[in-house]
Amino acid sequence: MSHEFSLTSIPDLNGRYDIYGAIHKGLRKAGCDLLARLGTADFQNVEETVFVIGDLRHYLMLAASHVSHEDDKIHVALATKGVSTVTLDEQHDDHRTAFRELEELIVAWENAWPLHKSACGRKLYLAFAAYLADDFAHMHEEEAVTGPLLWRNFTDQEIFSIEMRIIGSLPPEKSMAFIRIMIPAINPAERAALLGAMKKDAPPEIFQAVIDFAVRPGLSAGDFVKLADALKLAA
């Protein structure tokens, strides 16, 4: 997988809307947490390992959805401005290959004889680590290269509208799952901004469900108190 960026050329936001920031932070944190759990897993203990395997499949489902959202909404929007996304498209194709290969390794672990499960688990751990390495570089390229292309071709309101089309395409359970990985990964100001906008626009019962089932469980007591103060919620 090739990448077109320099580590010393990271553009400042300068107040522009960051369509990639929160979701990429969420995917990075969730991916790193999973990698650490896979690294310490006893793959011969099926009763324990089945939980991290389930979480890995869930993460890969969200990652695959994220790739599709970018293809269908962000890349299509850039194409209307004559901006090529061929490099990113090829990287997304590589991601889809990786998703299939990781599922094959999961199935191989599931089907392996007990004495072979540790070896299969090691392969899965190393393969997921390699996938994350490529994905992290890919996400950096999107934030350092594609982000400025969006800023040059669209207003912040237009970029926000692209994001709203992505969110609007999600079923409620998947939307909740994305919020669940994003909230612990972003900083207090970002949490307050994201959830403040949701509080303003969403029906009260939907917003309360997000707080109860996607936000509060992922934050420490102290972090939730800060958020509750910022949003004027009952802690």
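**Notebook: salt bridges, cavity and pockets**

I began with Arg-96, which counts as partly exposed at 28% relative accessibility; buried means under 20% relative accessible area, exposed over 50%, and partly exposed in between, with a 1.4 Å probe and protein chains only. The model I am reading is predicted, local features need pLDDT of at least 70, side-chain atom pairs count only at pLDDT 80 or more, and totals for chains, interfaces and linings use all residues. Residues are numbered from 1 along each chain as its sequence is written, and side-chain values use heavy atoms, with hydrogens and water left out.

**Salt bridges**

I looked up the partner of Arg-96 and found a salt bridge to the side chain of Asp-93, 3.1 Å from N to O. The term requires a side-chain nitrogen of Lys or Arg within 4 Å of a carboxyl oxygen of Asp or Glu. Both residues sit in helix 3, three residues apart, about one turn of the helix; helices here are DSSP runs (H or I, at least four residues; strands are E, at least two), numbered from the N terminus. Asp-93 is partly exposed, at 42%.

I then took the total, which is 10 salt bridges. Among them is the pair Arg-28 and Glu-143, at 2.9 Å from N to O. Arg-28 belongs to helix 1 and Glu-143 to helix 4, so this pair ties together parts 115 residues apart in sequence. I noted Arg-28 as partly exposed at 22%, and Glu-143 as partly exposed at 24%.

Next I checked Arg-57, whose side chain meets that of Glu-110 in a salt bridge of 2.7 Å, N to O. This pair also links distant parts of the chain, with Arg-57 in helix 2 and Glu-110 in helix 3, 53 residues apart. Arg-57 is partly exposed at 28%, and Glu-110 is partly exposed at 35%. I recorded a network of salt bridges that links Arg-57, Glu-103 and Glu-110.

**Cavity**

Points are joined across faces, edges and corners, and a volume is the space filled by probe spheres set on them.

I got one cavity of 30 Å³ or more. The volume of the largest cavity is about 50 Å³. Its lining has 13 residues, with Leu-27, His-66, Val-67, His-95 and Asp-135 nearest the centre. Helix 1 (21-40), helix 2 (46-80), helix 3 (86-111) and helix 4 (117-153) each give two or more residues to this lining. Helix 4 has the largest share, five residues.

**Pockets**

The largest pocket holds about 1,400 Å³. I found 48 lining residues, and Tyr-17, Glu-163, Ile-167, Met-182 and Leu-194 lie nearest its centre. By class, this lining has 32 nonpolar, six polar and 10 charged residues; Ala, Val, Leu, Ile, Met, Phe, Trp, Tyr, Cys and Pro count as nonpolar, Asp, Glu, Lys and Arg as charged, and the others, Gly among them, as polar.

I put the second largest pocket at about 410 Å³. Its 17 lining residues have Ala-30, Asp-33, His-58, Arg-180 and Ile-181 nearest the centre. Helix 1, helix 2 and helix 6 give two or more residues each to this lining, and helix 1 has the largest share, six residues.

Methods. 1 Å grid on protein atoms, 1.4 Å probe; cavity = no way out; pocket = protein on both sides within 12 Å on 5 of 7 lines; lining within 4 Å.
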